[in-house]
Amino acid sequence: MSKLLIEGSRKLRGAVKVQGAKNSTLPILAATVVTEGENVIHNCPCLTDIDVSIRILRYLGCSASRHGHTLLVNTDNMTDCHIPNSLMREMRSSIVFLGGILARFKKARLSFPGGCELGPRPIDLHLDALKKLGAVITEHHGEIYCKAPKGLVGGTVALAFPSVGATENIMIAACLAKGTTIINNAAREPEISDLADYLNKCGAEIYGAGEGTVVIEGKEKLHGVAHTVIPDRIVAATLMSAAAITGSEIYLEDIMSTHLSAVIPVFEEAGCNISVKEGTMKFSSPERIKGLKLIRTNPYPGFPTDAQAPLMALSTVSRGITVFVETIFENRYKHIGEFLRMGANIKAEGRVAVVEGVPELYGTSVEAMDLRGSAALVVAGLGAQGTTEIDTTKYLERGYEDLDVVLSSLNASVKKI
């Protein structure tokens, strides 16, 4: 098992390309199961979560191979409609395979998903929505059995919460359902739009993706296509945090600034200068930023919950006070205890955390407990005095491709050992 050693207080400089979005690649790979022929997916990051998806596809009988940042997937020989517990437990978003398998085989069997422990991420929104499309679902001994003997039938699904995963599952399943499906209170994240763009290239008819209401006209079959995944907005926000905590100037290439519409103003209010031209962001920060005031996570287009932890790392050394309100996950403050070990001043109760900036953090040994918390510890280590040792990279590698290499190319001292 690997760990990271970070020598802090070094200025970052240079330019890096932002990787492809993990949260787009995963549902797109799941959606390939409703297509025929070969899919060529470009700009796919090299991550352990992507590796799990590839293993799931192969278990189902598909061919899936990686060539650099391009994945080739062909589902013509797909024979299985069951995902074993060992694969489901490796990734929280593995449930997104359910809709496609059910639509293709009219039956599916899988266990409850695993992954980072962020508190309950109930899948009843997924199951209730598929029931609205005609699925019959039962649970036995931790496994979910789904069937639709006559195929799925379009219907109206009103989500109680704009769940990204549930919206993706419904969209994928509805592509092969009979008739029209309408999703009300759908998730609006850019990754939803990217999935819809991919499916529409495959021959689907999806309207309104990225808005509150999505309409899907069912088709008899879809075909494989070539598609390029959008850049990862959370990785971009993490790199911006790294530059801000070190008072640096860097360039981020392959940026879609519209996807960062809730993040950029926070950095600008803190005193950073940001300009974007032809997909390249110039980001420069003062030596010490102002307090970030109030950050409340919300579904898109609100502030993303995945960016909360890296921004909290930055706020620990700001001039002033920042209040965080986490509205998406109830157990997403595990990194606070590790920040306190580094000298931060944070008080948290329930979903609210109050951070009073200190002049500096101090490097020490810290424990990574989830994906975004791991990235936040990297950010904190970059801004700390001395050496920070992060005990494991296993969570980080679920969502960040070679972050040690990326940061080293920007003049940071980050070593994986």
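Helices, of at least four residues, and strands, of at least two, are taken here as DSSP runs numbered from the N terminus, and in this predicted model the residue Asn411 falls in the loop between α13 (403-409) and β26 (413-416). The backbone of Asn411 has a phi near 85°, a positive value in a residue other than glycine. A positive phi is also found at Asp254, where the angle is near 65° and the residue is again other than glycine. Asp254 is placed in the loop between β17 (249-253) and α9, and with a relative accessible area of 31% this residue is partly exposed. A further backbone feature concerns the peptide bond that runs from Tyr300 to Pro301, which is cis, with omega near 15°; Pro301 itself belongs to the loop between β20 (293-296) and α10 (308-315).

When the whole structure is searched, one cavity of 30 Å³ or more is found, and the volume of the largest cavity is about 40 Å³. Its lining comprises Asp254 together with Ile255, Met256, His259 and Leu260, as well as Pro231, Asp232, Arg233 and Ala236. Sorted by class, the residues that line the largest cavity are five nonpolar, three charged and one polar.

Among the open spaces, the second largest pocket has a volume of about 280 Å³. This pocket is lined by 17 residues, of which Ile245, Thr246, Gly247, Glu287 and Gly383 are the closest to its centre. Two or more residues of the lining of the second largest pocket come from each of the elements α8 (233-245) and α12 (371-383). In terms of class, the lining of the second largest pocket is made up of seven nonpolar residues, with five polar and five charged residues beside them.

The ring centres of Phe267 and Phe283 lie 5.4 Å apart and the planes of the two rings meet at 85°, over the 60 degrees required, so the pair is classed as edge-to-face.

The buried residues of α1 are Lys22, Ser24, Thr25, Leu26, Pro27, Ile28, Leu29, Ala30 and Ala31.

Towards the strands β3 (35-36) and β4 (38-42), the loop between them holds Gly37. When neighbours within four places in sequence are left aside, the contacts of Gly37 are with Val73, Asn74, Thr75 and Asp76. By comparison of positions along the chain and in space, Gly37 and Arg188 are separated by 151 residues in sequence and, from C-alpha to C-alpha, by 29 Å.

Key. Residues numbered from 1 in each chain as written. Predicted model: local features only at pLDDT ≥ 70, side-chain atom pairs only at ≥ 80, totals over all residues. Heavy atoms only, no water. Phe/Tyr/Trp six-rings, centres within 6.5 Å; stacked < 30°, edge-to-face > 60°. 1 Å grid on protein atoms, 1.4 Å probe; cavity = no way out; pocket = protein on both sides within 12 Å on 5 of 7 lines; lining within 4 Å. Points joined across faces, edges and corners; volume = space filled by probe spheres on them. Nonpolar A, V, L, I, M, F, W, Y, C, P; charged D, E, K, R; others polar. Contact = heavy atoms within 4.5 Å. Buried < 20%, exposed > 50% of the residue type's maximum accessible area, 1.4 Å probe, protein only.
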